[in-house]
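Please read it alongside the sequence and the model.

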Amino acid sequence: MASFQAVKKSINLAPTVRALPSGVPAAPLLNLAVRAPAEQHGHGHGSSGPRADVPPSWAGGVSKSPFGLFTKTYTTAPSPRVFQQRLLHTSAVVKDAPEVPDFSHYRAPNTDNNRALSYFMVGTMGVLSASVAKSSVSEFLQTMAASADVLALAKVEVDLTTIPEGKNVIIKWRGKPVFIRHRTQSEIDEARSANWKTFRDPEPDEARAKKPEWLVMLGVCTHLGCVPIGEAGDYGGWFCPCHGSHYDISGRARKGPAPLNLEVPAHDFNDAEGKLVIG
Amino acid sequence: MSFAITAYNTIFKRNSVYVGSVFAAAFAFGIGFDSGVTAFWDSWNRGRQWKDIRHKYVQDEE
């Protein structure tokens, strides 16, 4: 009875229904070398023989091995030529272009306004950025400028009416002494008649004194920065006690180690109020 | 509509003109902004600044 059941099972069931304990499907009665029947069987695919759409057995194929089904291809088989078109199918139709919804209702009827507005917004952004950049740079540069208290100290006013003729006045300007000499006529003549081209730092008296009776100079010796003494020295001008430089009545270096004439600061005369503005 | 076309053709079409007008507008905007803020400051602080009360303390000699 049991043997009959096994026979019945082997006949009725599909060959791959059983699996070996190793997991390989067992196909005990599968004949892999079966060939198509020799005669035509009446539904129009020509004569019998090896099927045209199956690679021949020498090109490889499926074989049975003790470990299960085994497939190997020995050569590149020609692709099976199938001339039969499948006209019935259920897949979606492929179209040339995807179908685009109709957006004409949402489109602007005239794009000129939109274009001008877009450019305007971009330009406004540029204007604001340029303003910000410009003001940043200029504000940063203004931090380097002199502050108001420094500017207020940068100028000094001297009342010239209080200085008698032939007298020196020493004032402080930007931390340095400034000599103001009210020269007499004889001193002017002496300063102007000197042969200035032979001096160490040749400079005419006309270039040093804007008004001939007023001589304004920085009271710092050009040698090493001492303050010269007025109305002294060999030339009746200034004498530096540190290293013995002699300056004449126009403040020009005549003798000693001083290389240059005494410096003349920028100054201006206010004739209406009789004042001298240094700076 | 025609204003948009005119603006596009005169300003936006050429990039050089566009950038130049942006800088010119930035210059004008800076001046206008400064003067506007200064005017607002003066009106907000009216009567409290030195230039408003100077005539009370300084008599110009005539």
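1. Helices (H or I, at least four residues) and strands (E, at least two) are DSSP runs, numbered from the N terminus. By this assignment, chain A has five helices and 14 strands. The model is predicted: local features need pLDDT of at least 70 and side-chain atom pairs count only at pLDDT 80 or more, while totals for chains, interfaces and linings use all residues. Residues are numbered from 1 along each chain as its sequence is written, and chains are lettered from A and ligands numbered from 1 in the order in which they are written.

2. Of the 279 residues in chain A, 14% are buried (20 or more other C-beta atoms within 10 Å of the residue's own, with C-beta atoms placed from the backbone).

3. The contact takes 13 residues from chain A and 13 residues from chain B, two residues being in contact if their C-beta atoms, placed from the backbone, lie within 7 Å. On the side of chain A that touches chain B, four residues are nonpolar, six polar and three charged (Ala, Val, Leu, Ile, Met, Phe, Trp, Tyr, Cys and Pro count as nonpolar; Asp, Glu, Lys and Arg as charged; the others, Gly among them, as polar).

4. Helix α2 of chain A (residues 112–142) packs against helix α2 of chain B (residues 15–44) at an angle of about 55°, their axes being 8 Å apart. Axes are lines fitted to C-alpha atoms, for helices over the stretch in contact, and angles run from 0 to 180 degrees between N-to-C directions.

5. Residues of α2(A) in this packing include A:G123, A:A130 and A:K134, and those of α2(B) include B:Y18, B:F23 and B:G30. The residues of this contact divide into eight nonpolar, five polar and one charged.

Technical notes. Buried ≥ 20, exposed ≤ 12 C-beta atoms within 10 Å, placed from the backbone.
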